[in-house]
Amino acid sequence: MKKIEHIGIAVKDIEASEKLYANLFQVQAYKRETVESQGVLTSFLRVGPNKIELLQATHEHSVIASFIEKRGEGFHHIAFAVTDIVSEMKRLKEEGFRLLNEEPTIGADNKLVCFVHPKSANGMLIELVQEKD
Ligand code: ZN
């Protein structure tokens, strides 16, 4: 894996959180995007070389809605950039990791993504991200 691509934070009110983090980091959120397949509205902030992704549920059955219900707002996942997501998924499966999807899906930013189940990663939700060409 190449580097941390972004850090995902689950929030209840994306507008309020954009203001809060804009204030905290002294940067502006630069993009909002809905990912229908995951039932989330995302918003991105860039802090130096790093990216923060705010995630708000778009409906009550969204994974973010159930996450917030169980654990409250806060740290949700860490995403790593990979060059070849398909071969990385294959490698992880062979190593015995549980993946949340069998095929890469389209995430925010028109990227290919896949999640590693927190149960196989010390409670961490790990996202793999590959740039689409
Ligand atoms: Zn993410």
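Reader: Where is the place of Lys12?
Author: Lys12 sits in the loop between E1 and helix H1, the helix of residues 14–25. Keep in mind that this is a predicted model.

Reader: Is Lys12 buried or exposed?
Author: Lys12 is exposed, because its relative accessibility is 59% and the cut-off for exposed is over 50%.

Reader: Which residues is Lys12 in contact with, leaving aside neighbours within four places in sequence?
Author: Gln56, Ile68 and Glu73 are in contact with Lys12 on that basis. As for Glu73, its C-alpha atom is 6.9 Å from that of Lys12, while the two residues are 61 apart along the chain.

Reader: On to the metal. Which residues coordinate the zinc ion?
Author: There are two histidines and two glutamates: His6 and His77 through NE2, Glu53 and Glu127 through OE. The distances run from 2.0 to 2.1 Å.

Reader: What spacing do the donors follow along the chain?
Author: The donors of the zinc ion are spaced H-x46-E-x23-H-x49-E. His6 is in strand E1 (residues 3–10) and His77 in strand E5 (residues 74–81), so this pair ties together parts that lie 71 residues apart in sequence.

Reader: Is His6 buried or exposed?
Author: His6 is buried, at a relative accessible area of 4%. His77 is buried as well, at 2%.

Reader: What about His76, where does that lie?
Author: His76 is in strand E5. This residue counts as buried because its relative accessibility is 11%, and the cut-off for buried is under 20%.

Reader: What joins the side chains of His76 and His77?
Author: A polar contact of 2.8 Å joins them.

Reader: Changing topic. How many helices and strands does the chain have?
Author: The chain has three helices and eight strands. Read from the N terminus, the order is β-α-β-β-β-α-β-α-β-β-β. The radius of gyration is 15 Å, close to the 14 Å from the globule rule for 133 residues, so the chain is as compact as a globular protein of that length.

Reader: What does the C-alpha trace span along its principal axes?
Author: The trace spans about 45 × 30 × 25 Å.

Reader: How far apart in space are Ala16 and Phe115?
Author: Their C-alpha atoms are 27 Å apart, and 99 residues separate the two in sequence. Ala16 is in helix H1 and counts as partly exposed, at 43% relative accessibility.

Reader: What share of the 133 residues is buried?
Author: Buried residues come to 46% of the chain.

Reader: Last one. What part of the contacts between residues at least 6 apart joins residues at least 24 apart?
Author: Within the chain, 51% of those contacts do.

Notes. Residues numbered from 1 in each chain as written. Predicted model: local features only at pLDDT ≥ 70, side-chain atom pairs only at ≥ 80, totals over all residues. Heavy atoms only, no water. Donors = N, O, S within 2.8 Å, 3.2 Å for Na, K, Ca; no water. Helix = DSSP H or I, 4+ residues; strand = E, 2+ residues; numbered from the N terminus. Buried < 20%, exposed > 50% of the residue type's maximum accessible area, 1.4 Å probe, protein only. Polar contact = N/O pair within 3.5 Å; in protein donor to acceptor, adjacent residues only side chain to side chain. Contact = heavy atoms within 4.5 Å. Rg over C-alpha atoms; globule rule 2.2 N^0.38 Å.
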